[in-house]
Amino acid sequence: MKSGDALSGKKIVLGITGCISAYKSCFLIRELVKRGAEVKVVATKSALEFITPLTLATLSRNDVVVSMFPKGTDSEAKTTTWHIDLGIWADIMIIAPASVNSIAKIAHGICDNPLTTLVTALRCPLLVCPTADVDMYQARVTQENIEKLRGYGFHILDAEAGELASGLTGKGRLPETSKITDKTEQILSGYKEDLSGKRVLVTAGPTYEDIDPVRYLGNRSSGKMGFELAKAAYLRGAEVLLISGPTSERAYQEIPIIRVRSAAEMKTVVDKSVKNSDILIMAAAVADFKPSKKSENKIKKEENPESIRLEKTEDILTGLKTKAKSGETVKVGFALETENEEKNAIKKLKGKGLDLIVLNSLRDEKSGFEYDTNKIKIIDRDKTKEFPLMSKFQVANVILTEAAELIKKEA
Ligand code: CTP
């Protein structure tokens, strides 16, 4: 069990229906188990055309429900009230993939197989991942049934677009495993789609300031914090724009990214985009200095340069004070400090006209650049809130909650 992981110790029922992407459920089970969750699988007969009960039982380390009236074979659940038992046992049920047929049955309360029967007995949240070939997915009846499910309070994770098993291209793919686990984590942590209809602008990564065509001044930012913020905001319903410096991090396919290199380029894009944003989160580690002059040609060793002349870059947040009128955009900055942390962070909060500043200290273990975890304090004009060491995804959600509160106050 991974302590501190939001999925650790959680009881998860995974429902699998008949769809070619059922093979991907194996990766999902592995990831959930690896993160310390207990997983029990319920599969429809059609799902078993694509994967075997033995595979599912081995990966989940539990008996698998494959029929309404279990016969008690080795990999099968044995009691006849399994649907009531599992409905009470689970913290969450995920259906991935959820076929058009199963969605239609759930939308109409039909209980003719183990999976749809269990749904009617559930006491916990349900996350449905609709998956089909493009035409079946877009069919009006499918979309109306998905809306019905949403109306019943079930969580829906939209299919992804891309190449499909049929050879066609379009929407219908099962979302990537990490997106399903991220959404599961949010639901289990009680986060709702509270940013629905809001526009969130996030900056991420370092900036590179060129010395010559092959060399640059940079910093150790991985971009991870900004990317997790963008992902968390997207899953909470926001329309997200991510502006990123050079990084190898990946966001979900639905999140538009504008890639920039230098502080000046980032400033141009932020200035243009901020007017339409409800929240701006500057998680980027923007360079404070750049070479005064970029050499057009590679500087040769023989030139033996003894120093590089530097000049300040423009501060993006400070420059916004006049652009984004107060009350329009909630502005969140980051401060990475090594000494007098809180005092310096408050100075930045006031000096840069911010609503919130997120402080992380390089003194904290496993916090800051290159780590998957972060230990932060969130400071506003009246108070400081301190949080324990968390994954950067958890940190992202905490920051978004604080920012969302400020939108509510302003509304
Ligand atoms: N920032 C910015 N424009 C810059 C430099 C930083 O908008 N040219 C933003 C960062 O994205 C961050 C906040 O300002 O959200 C604080 O960045 P930080 O580097 O901690 O502070 P600086 O103002 O650069 O001060 P110092 O480096 O001296 O601590």
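This is a predicted model: local features need pLDDT of at least 70, side-chain atom pairs count only at pLDDT 80 or more; totals for chains, interfaces and linings use all residues.
Residues are numbered from 1 along each chain as its sequence is written. Local features need pLDDT of at least 70 and side-chain atom pairs count only at pLDDT 80 or more, whereas totals for chains, interfaces and linings use all residues; side-chain values use heavy atoms, with hydrogens and water left out.

Contact, defined as heavy atoms within 4.5 Å, joins 10 residues of domain 1 to 12 residues of domain 2. The buried area, namely the accessible area (1.4 Å probe) that two parts lose on being put together, summed over both, is about 920 Å². Carbon and sulfur atoms give 42% of this area. On the side of domain 1, the most area is lost by Lys179, Asp182 and Gln186, together 52% of what that side buries.

Two salt bridges (a side-chain nitrogen of Lys or Arg within 4 Å of a carboxyl oxygen of Asp or Glu) are counted between the domains. In a salt bridge between Lys179 and Glu254, the closest N and O atoms are 2.7 Å apart. Strand 7 (160-163) and helix 8 (177-188) are the elements that each give two or more residues to the side of domain 1 touching domain 2; helices (H or I, at least four residues) and strands (E, at least two) are DSSP runs, numbered from the N terminus. Helix 8 supplies the largest share, five residues.
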